[in-house]
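Biologist: I would like to learn how to read a model of this kind, feature by feature. Where do we begin?

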Amino acid sequence: MQAAYERIEADMRGIWGDMAPAMLRKRLRDVHADLSTLSRENLETIVDLLRQKTLPSILGEDGAEAKAKQYLAWVDDSA
């Protein structure tokens with residue numbers, strides 16, 4: 001799961017720059033996880049939170065949905 005997390009972080013850096021790691025750490029805290037214990041369920045919940053709360057501010061609803069689908073595909077690839 002860490003590989004998927006790192007891909008998501010790298011992609012988010014393209015959108016938010018150096019703020020991306022802090023945004024993802026916030027979502028880790030939201031699901032009561034850390035990188036060493038990150039599960040598939042945690043990462044799916046993080047992607048859902050990003051889709052609902054973070055991504056729409058820059059990408060709009062449709063863009064957030066598309067980006068979340070891409071992120072979930074990366075989660076599937078890491079499983």
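Modeller: With the surface. The chain exposes about 4,500 Å², and carbon and sulfur atoms supply 48% of that area. Accessible areas come from the Shrake-Rupley method with a 1.4 Å probe, and for residues only the protein chains shown count as cover. This is a predicted model, in which local features need pLDDT of at least 70 and side-chain atom pairs count only at pLDDT 80 or more, while totals for chains, interfaces and linings use all residues. Residues are numbered from 1 along each chain as its sequence is written, and side-chain values use heavy atoms, with hydrogens and water left out.

Biologist: How many helices and strands does the chain have?

Modeller: Helices (H or I, at least four residues) and strands (E, at least two) are DSSP runs, numbered from the N terminus. Here there are 4 helices and 0 strands, in the order α-α-α-α along the sequence. The radius of gyration is 11 Å, close to the 12 Å that the globule rule gives for 79 residues, so the chain is as compact as a globular protein of that length. That radius is taken over C-alpha atoms, and the rule is 2.2 Å times the number of residues to the power 0.38. The C-alpha trace spans about 30 × 25 × 20 Å along its principal axes.

Biologist: What share of the residues in the chain is buried?

Modeller: Buried means under 20% relative accessible area, exposed over 50%, and partly exposed in between (1.4 Å probe, protein chains only). Of the 79 residues in the chain, 38% are buried. For contacts, the criterion is heavy atoms within 4.5 Å. Among contacts with a separation of 6 or more, 55% are between residues 24 or more positions apart.

Biologist: What length does α1 reach, and what is expected?

Modeller: The expected span of a helix is 1.5 Å times one less than its number of residues. Helix α1 (residues 2–16) has 15 residues and reaches 20 Å from its first C-alpha to its last, close to the expected 21 Å.

Biologist: Which residues of α1 are buried?

Modeller: First the general idea. An α-helix has 3.6 residues a turn, so residues three or four places apart point the same way. In α1 the buried residues are Ala-4, Tyr-5, Ile-8, Glu-9, Met-12 and Trp-16. Seen down the axis of α1, they fall within an arc of 135°, so they line one face of the helix. The arc is that of the directions from the helix axis to the C-beta atoms. These buried residues pack against α2 (20–30), α3 (40–54) and α4 (56–78). Just after α1, Gly-17 takes a positive phi of about 65°.

Biologist: Which residues of α2 are buried, then?

Modeller: Ala-20, Pro-21, Met-23, Leu-24, Arg-27 and Leu-28. Down the axis of α2 they fall within an arc of 160°, so these residues also line one face of their helix. Their cover includes α1 and α3.

Biologist: Arg-27 is a charged side chain by name. What does Arg-27 touch?

Modeller: Leaving out residues up to four places away in sequence, Arg-27 touches Ile-46, Leu-49, Leu-50, Lys-53 and Thr-54. Its relative accessibility is 9%, so Arg-27 counts as buried. A polar contact is a pair of N or O atoms within 3.5 Å; within protein, one must be able to donate a hydrogen and the other to accept it, and residues adjacent in sequence count only if both atoms are side-chain atoms. One of 2.5 Å joins the side chains of Arg-27 and Asp-30. Asp-30, also in α2, is partly exposed at 31% relative accessibility.

Modeller: His-32 lies in the loop between α2 and α3 and, at 76% relative accessibility, counts as exposed. Its phi is positive, about 55°, although His-32 is not a glycine.
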